[in-house]
Amino acid sequence: MTPTKIISALAKPILGLTLAILALSAPLPLPPTQPVERYFRVEASQFAYSPGVLQVNPGDQVTIDLVATDVVHGIYIDSYELQASADPGQTARLTFIADQAGLFRFRCLVPCGQLHPFMLGKLQVGPNLIFLRAVLLSLLGLLWVLWKKPLPTASI
Amino acid sequence: MGAMEKAASYRFDLTRYAWVRRLLTSRWPQFILRAVTLAGFMLVILTGFIGSPVGSRNFAVMFVWIAWWSALKLIMLPFGGRVWCSICPIPMPGEWLQQGWLVKPGGKKFNLGLRWPRRLRNTWLQSAGFAAIGLFSALALTTPVVTAWIFVGLIIVAVVVSVVFEQRSFCRYLCPMGGFIGLYATMAPLELRPQPDLTSVEKGAAVREWPRGCPWINNPAALKANANCGLCLECLRTESGESMALNARSFDAELGQPGAFRLDEAFLSLGLLGSVMIYSAVFQGPWGALKNAALYAGSPAWWGFAAFFLLTSFGLLPALLAGVSALVRRTGNLGQPLQMVFTRFSRALLPLGLLSWIAFTVSFAFGKMAYLWPVLSDPFGWGWNLFGTAAVEWQPYLLNATPVIEAVLLVAGLIWSGRTVLKTAGQLGVRGERRWAAAPVLLFALAGTLILLWLLIG
């Protein structure tokens with residue numbers, strides 16, 4: 001097999017991969033929403049936040065009161081790079097404008113026990129577009145597989 | 001034959017280059033790599049027993065579960081198949097006793113040389129081992145001494161099996177990682193195979209040279225699948241070694257061809273798919289009750305977790321796939337027994353399983369990788385600073401890219417599995433114009449993908 005043929009065989013998967021990345025990450029204009037103030041009291045205990053999922057709209061002013069109920073816990077919000085920590089029974093406050101849309105994990109910042117590295121929550125700002133696009137891409141991918149020319153068969 | 005199919009059947013013999021063959025036939029490079037990995041695992045055991053009990057401050061936990069386990073799933077397995085098995089240090093002490101040598105033949109042997117029991121020549125024990133590690137995964141991933149005991153236990157079992165049984169029976173039939181790696185090595189772009197134009201005389205010579213099989217108990221001259229070839233390379237080092245080749249191939253080269261798949265392999269395939277879903281929920285989900293249930297082994301909640309883990313991975317998923325296989329069998333008017341239809345479709349779902357594990361690792365590894373730098377300088381957690389990295393602060397890497405990478409991997413796994421499901425349906429006798437008969441299996445794969453998408457990026 002010549003290099004040209006290898007390239008032609010790889011062209012389709014590479015094109016598909018590029019299209020998939022574009023479909024998942026291309027920016028999409030969202031209808032504007034009226035920003036509001038959002039308040040969350042988040043209780044942190046080994047090894048979870050309650051509530052574990054916070055939903056806001058882009059532009060909202062968000063206030064999170066972190067209450068540690070057992071040992072010292074922290075909070076670090078991915079991409080926003082905001083952090084705070086609270087002693088047992090104490091409250092730490094984070095206030096920020098939700099100016100980045102998407103799904104962001106927040107994590108405990110202070111070693112709080114065995115499963116500390118896995119103490120996670122989610123901040124969803126607007127719709128979770130990557131997830132929705134991935135679901136759509138899965139459906140389209142499967143339909144493409146079904147609709148394309150039948151594959152050559154061989155005996156078992 | 002289309003361009004894709006031509007590419008799938010293409011092999012490039014890497015050993016056609018004399019220097020590659022020389023490198024592979026010498027035992028020294030492999031021995032040096034194994035010595036390095038052995039030293040690394042000795043340090044794991046030492047730090048696990050006497051180092052800091054805090055997982056994120058201990059080399060054992062960070063090296064095994066973040067560095068090694070991630071490198072295995074992200075690089076070694078998808079691109080090299082069983083390449084880890086070729087440098088794995090776990091069987092080394094047992095092999096030394098069994099063969100009387102580590103680098104070159106010679107020396108006194110301690111080995112009864114029994115054949116592995118016929119009833120256990122399958123992957124059931126490997127599935128059980130992998131499930132057992134899964135049940136204690138939250139504990140193992142966070143408790144250095146548990147990680148150390150796992151490795152001590154594996155080495156002890158490997159030594160005992162090597163002394164009692166022939167060759168590398170431990171690696172072939174018992175090692176829990178071996179089952180995982182072997183199954184997914186089917187899709188690796190690397191294979192050790194006999195030369196395609198091997199004459200029957202040459203095949204006979206290889207059989208005479210390996211009357212009871214190579215160290216992995218295969219007849220090298222008849223190798224057709226990656227699953228049971230540990231890439232130990234011993235077949236290249238014999239007189240008939242010229243008749244063997246290390247080939248580069250396409251990812252789909254083996255899976256795209258019809259291939260037998262046993263019931264035990266089908267259960268392992270589905271068990272691994274179920275395991276990655278549960279791991280994603282435990283380690284990447286926001287559910288504290290689930291994390292605590294997985295952590296506190298022996299508690300009533302842990303028993304509930306154990307039952308859920310085992311029933312989902314080895315009960316629910318196989319039952320659902322058996323159900324949809326029966327539906328395909330009926331709507332596609334297939335004459336094959338249900339077990340064959342079920343096992344072949346389990347094989348077709350291997351790409352989804354492998355890419356799900358890779359996606360899970362991406363979600364997991366980049367967030368935790370920064371814990372590695374301090375433990376490199378301070379492996380015991382005793383306040384050392386060997387390389388000046390002890391004070392590097394934790395921060396997650398590639399935050400914005402990882403959800404896109406995870407989504408692409410899962411969708412790619414679904415499409416690859418979808419194509420393989422249709423190919424398998426064709427091999428089973430479903431006619432091209434009736435390929436919709438395979439839709440239930442495709443829906444099964446889609447449901448698995450959507451669950452993983454929800455768990456990882458939803």
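**A guided reading of a predicted two-chain model**

Helix H17 of chain B, residues 350-368, contains 19 residues and spans 27 Å from its first C-alpha to its last, close to the 27 Å expected at 1.5 Å a residue. The expected span is 1.5 Å times one less than the number of residues in the helix. Helices (H or I, at least four residues) and strands (E, at least two) are DSSP runs, numbered from the N terminus. Of the 19 residues of H17(B), 18 are buried, so this helix is largely enclosed by the rest of the structure. A residue is called buried if 20 or more other C-beta atoms lie within 10 Å of its own, exposed if 12 or fewer do, and partly exposed in between, with C-beta atoms placed from the backbone.

Residues are numbered from 1 along each chain as its sequence is written, while chains are lettered from A and ligands numbered from 1 in the order in which they are written. The model is predicted: local features need pLDDT of at least 70, side-chain atom pairs count only at pLDDT 80 or more, and totals for chains, interfaces and linings use all residues. The pLDDT is the predictor's confidence in each residue, from 0 to 100. For chain B its mean is 92, and 97% of the residues of chain B reach 70 or more. For the complex, the predictor gives an ipTM of 0.90 and a pTM of 0.93.

Within chain B, the reader may next turn to a pair of helices. The axes of H11(B), residues 176-184, and H13(B), residues 263-284, come within 11 Å and cross at roughly 95°. Such axes are lines fitted to C-alpha atoms, for helices over the stretch in contact, and angles run from 0 to 180 degrees between N-to-C directions. The two helices H11(B) and H13(B) are therefore roughly perpendicular to each other; angles under 35 degrees count as roughly parallel, over 145 as roughly antiparallel, 65 to 115 as roughly perpendicular and the rest as oblique. H11(B) contributes B:Gly179, B:Phe180 and B:Leu183 to the contact, and H13(B) contributes B:Glu265, B:Leu268, B:Ser269 and B:Leu272. Residues are in contact if their C-beta atoms, placed from the backbone, lie within 7 Å.

Several loops of chain B also deserve attention. B:Cys88 sits in the loop between helix H5 (83-87) and helix H6 (92-99) of chain B, and it counts as buried because it has 25 C-beta neighbours inside 10 Å. B:Gln167, in the loop between helix H9 (144-164) and helix H10 (169-174) of chain B, has a phi near 45°, a positive value in a residue other than glycine. B:Leu233 has a phi near 70°, likewise positive in a residue other than glycine, and lies in the loop between helix H12 (200-209) and strand S3 (244-249) of chain B.

The two chains meet in a contact that takes 46 residues from chain A and 50 residues from chain B. On the side of chain A that touches chain B, H2(A) gives the most, with 10 residues.

Chain A also holds cis peptide bonds. One joins A:Gln46 and A:Phe47, with omega about 0°; A:Phe47 is in the loop between strand S1 (37-45) and S2 of chain A. Another runs from A:Ser50 to A:Pro51, with omega near 0°, and A:Pro51 lies in the loop between S2 and strand S3 (53-56) of chain A.
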